[in-house]
Amino acid sequence: MPLNYPLAEQTLDNGLRVVVSSDKAVPIVAVNLWYDVGSRHEPPGLTGFAHLFEHLMFQGSRNVESGQHFSLLETAGASLNASTFFDRTNYFESLPSGGLDLALWLEADRMGYLLDAVNQENLDNQRDVVKEEKRQSYDNRPYGDSYERLVRLLFPAGHPYAHMTIGSMADLDAAALEDVHAFFRTHYGPNNAVLTIVGDVSEEDAFDAAKRYFGHLPAIPTPPPAPDGTIGPLTEVLRDDVVEDVPSDLITMMFRLPVDGTPELDAAALALDVLAAGQSGRLNRRLVRDEQIAQSVSGGALPLIGGVSFGTLTGIASADFDLQQVEDALVEEIEKLAADGVTEDELATVQAQNERDWLEQLATCSGRADEISHHALLFGDPNRINTRIDEIRAVTTEQVQQAAAKWIRAAGPRPGDVPPQQHRGAGMTSQALTTPPSVAPPRPWSFPLSTTTTTRAGTPVHVFDQPGQYVATVRVTIALPLFTEPRELEGVATIMSRTLDEGTELKSANEFAAALERHGAAYGVDVSSDALHVEISVPTSQLAPAVKLLAEAVTRPAFNTADVGRHVTIRLGEINQERANAGYRAREAFAGHLFDTSVRRSRPTAGTPDTIRPLTNVQVAKFYRENIGPARAQILFAGDATGVDVAAIVDDAFGDWTSEAGAALEVPEPQYTLGDRVVLVNRPGSVQSQLLIGCPGPDRREDIWGAAAVANHVVGGTITSRVDTVLREEKGYTYGTRTSFNAPRKGGTFTLGGAVRTEVTGAAITDALRILREARDGLTDREVQEAQDSLIRTAPLRYEQADSIAQQVGSNIAVGVPLDFADTYLAQIAATTADVATDAYRRYVGTNGLLVVVVGEAKDVRDQLSGLNMGDIIELS
């Protein structure tokens with residue numbers, strides 16, 4: 001199906017290629033800049049430089065002070081980031097269209113004049129930040145270095161893809177300032193980049209703005225080409241055995257694949273999808289659903305343009321099974337595909353999945369801009385965004401089999417033929433490989449225990465000591481029921497939370513952020529309907545100073561006029577972007593029509609333009625004083641506490657906390673609007689319909705919470721559930737849907753959500769409603785047993801990291817259940833019978849009607865909805 005996104009392209013005199021796609025649907029614009037430099041362009045001894053510049057590019061330039069790049073764009077309501085890959089580096093922002101000039105000016109200033117700000121101090125600072133990133137992202141998590149090990153096996157030394165984008169820490173340590181400057185001067189210039197602008201701007205205005213800000217920059221000398229990485233399939237098994245203390249045995253196979261941009265690569269990628277894409281792939285059906293020897297399997301292709309690509313297959317063994325069984329099954333399925341090929345139905349399925357993924361990617365301005373830059377830079381053809389689906393659809397079953405037979409094979413001897421002493425513990429090989437060491441036989445599991453103390457201010461402190469988790473999470477959970485917000489200032493809690501770290505009584509916003517970075521700490525906040533969560537993740541070696549900074553933000557915020565005003569502006573810009581998101585619109589409409597209008601949850605947690613716009617720092621500070629204090633808080637630590645007196649560190653930081661805020665008010669029972677109803681939210685230009693169907697549900701106070709989870713798993717919680725079996729596997733209406741029971745402190749919800757093709761919206765809803773209603777007639781013993789096994793056996797994996805423990809405990813505190821409620825939940829699941837699960841489901845789902853929300857092209861779906869016989873359609877714009 002050829003697409004027709006509008007595209008216009010010009011090349012400036014200095015060589016900058018500019019591509020514009022005008023889209024007036026929403027008042028936002030995406031700016032996306034791709035540089036033709038990635039880790040494959042890095043010479044020996046300079047690995048990690050492209051990724052290092054991803055950090056340095058935000059540290060200021062000739063006309064932009066350090067930290068100002070973010071603050072200026074955030075004030076304009078922008079979302080921004082950057083990423084580094086083997087073949088390229090990209091920088092991007094999305095913001096209200098009125099901020100286009102600012103975004104282009106900032107990008108041009110750092111393209112032309114970054115080196116004015118790259119001094120030794122900045123280099124040293126960001127080099128340290130990268131090291132902490134590597135420790136946190138690679139070194140301090142299970143299987144974190146798997147890919148790093150694998151690419152060293154897959155490619156010979158000196159190959160351009162033989163190192164990861166984060167590079168060698170030794171290379172970064174050895175880098176001189178002049179090395180860094182020289183790398184920038186070699187690769188970062190207008191004639192080595194593509195600028196894409198997508199959104200609410202005319203082609204003429206976009207090109208004029210690009211010329212205005214980039215046209216004066218001089219071209220750089222033509223960069224040297226990256227080394228040729230052309231290499232054929234592997235001809236032998238290469239293996240790396242890794243012995244580590246990991247939660248579950250895992251195996252990863254990695255293969256060389258054809259170069260990107262070729263039909264052969266598309267065929268190989270589709271072959272991997274047939275094996276591993278989603279829960280319907282061959283490997284999931286056999287290893288996870290039928291034989292249940294694996295908890296999960298995954299895989300896919302990683303397309304690259306430097307002469308070769310690569311792909312992976314990964315399996316995590318179930319606790320009761322040996323990893324060798326998983327490995328043997330993986331190899332058997334690989335060889336079967338190569339020998340027998342794929343069916344037309346299998347190919348059509350994975351092609352449809354790829355099509356849906358592609359449409360979803362292009363549905364947003366930011367996603368479309370990224371793909372335009374991708375295809376303009378790497379292939380010289382931005383119009384591939386309009387033809388890519390046709391390329392995928394053109395692949396035949398014969399091509400898939402040929403590609404699999406050539407590239408996705410267990411080359412050389414079968415892994416089972418390797419002498420046992422070479423196949424011990426955790427193994428990784430480029431084709432049949434990663435196997436972390438065998439762990440002890442399964443033993444009973446329960447949620448981690450805590451040690452509880454109190455600070456001098458009376459705040460409980462719960463310490464979850466997790467040996468080996470060297471990056472700790474410290475979370476402060478504060479009871480904050482949102483119904484206490486003044487109606488005319490709803491969203492004040494969100495603005496308050498976001499400005500806690502924007503300057504304190506002791507530090508400016510920039511000083512505070514710099515202090516956090518120096519200690520390698522990551523800071524975050526979240527506001528729910530019941531609580532405020534403020535947390536840091538930090539290496540345990542930096543725990544004490546980082547906790548002091550956390551306490552400074554929580555107990556001594558400044559709420560300066562400028563900082564609060566900036567976040568009001570940011571929030572207003574976010575609301576515009578949220579309104580452009582189909583999923584957000586569906587959730588907003590669902591809450592607004594499920595709950596009575598008197599209920600706070602019927603309105604957005606973070607407020608509306610009318611309630612956010614009038615907020616001042618005086619009002620934010622007043623709300624803080626009345627609602628934030630030690631009597632409402634509990635503090636959690638999760639991480640390796642070996643040799644660390646966590647309680648003393650927390651008490652030193654928080655022990656003198658005082659406040660006028662007393663205990664929080666109890667949340668009232670919510671009032672629901674009942675009955676069958678249909679709400680249609682018009683979203684012009686939608687290529688899919690976003691669905692959200694639901695009704696009231698239980699909360700954790702009810703002893704059926706675990707049984708409800710079992711019922712949900714059967715009905716719609718997984719791809720093997722009743723809903724997805726019909727809507728995806730049988731009908732092909734959707735890439736996937738999911739149901740869930742969710743609940744804050746009081747009053748829960750049940751929802752079924754997903755996206756379907758526009759033309760089958762009515763049929764998909766009809767089938768979904770039928771399945772939901774028929775489930776009231778009873779769930780089977782087998783369905784319930786399979787759900788119990790899945791939910792119970794995966795529980796340890798959900799809490800293997802410190803941060804997940806802190807998040808779960810914070811959630812438990814917020815909703816008023818014990819810290820170890822996970823144990824109660826699992827016990828409820830284990831005790832659930834088919835009758836109990838059916839009763840739990842029947843108590844809520846469909847008992848008092850169902851609310852159907854559809855977000856899509858109204859003119860195309862309106863008539864389809866009229867046949868649902870659920871009353872008059874409520875239409876929203």
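**A pocket, a buried alanine and a helix crossing**

Okay, let's start with the second largest pocket, which holds about 1,100 Å³ of space. A pocket here is an open set of points on a 1 Å grid over the protein atoms alone, with protein on both sides within 12 Å along at least five of seven lines. The volume is the space filled by probe spheres set on the points.

Quick caveat: this is a predicted model, and local features need pLDDT of at least 70, side-chain atom pairs 80 or more, while totals for chains, interfaces and linings use all residues. Numbering runs from 1 along each chain as its sequence is written, and side-chain values use heavy atoms, without hydrogens or water.

So who lines this pocket? There are 42 lining residues (an atom within 4 Å of a point), and A363, T364, A580, A582 and R683 lie nearest the centre. Among the elements giving two or more residues to that lining are helix 20 (582–594) and strand 19 (688–697); helices are DSSP runs of H or I, at least four residues, and strands are E, at least two, numbered from the N terminus.

Staying in helix 20, that's where you find A586. A586 counts as buried because its relative accessibility is 3%, and buried means under 20% (1.4 Å probe, protein chains only). Its C-alpha sits 7.7 Å from that of V681, 95 residues away along the chain. Leaving out residues up to four places away in sequence, A586 touches Q690, L692, V853 and V855, with contact meaning heavy atoms within 4.5 Å.

Last stop: helix 24 (705–717) packs on helix 31 (834–844) at about 90 degrees, axes 8 Å apart. Axes are lines fitted to C-alpha atoms over the stretch in contact, with angles from 0 to 180 degrees between N-to-C directions.

Technical notes
1 Å grid on protein atoms, 1.4 Å probe; cavity = no way out; pocket = protein on both sides within 12 Å on 5 of 7 lines; lining within 4 Å. Buried < 20%, exposed > 50% of the residue type's maximum accessible area, 1.4 Å probe, protein only.
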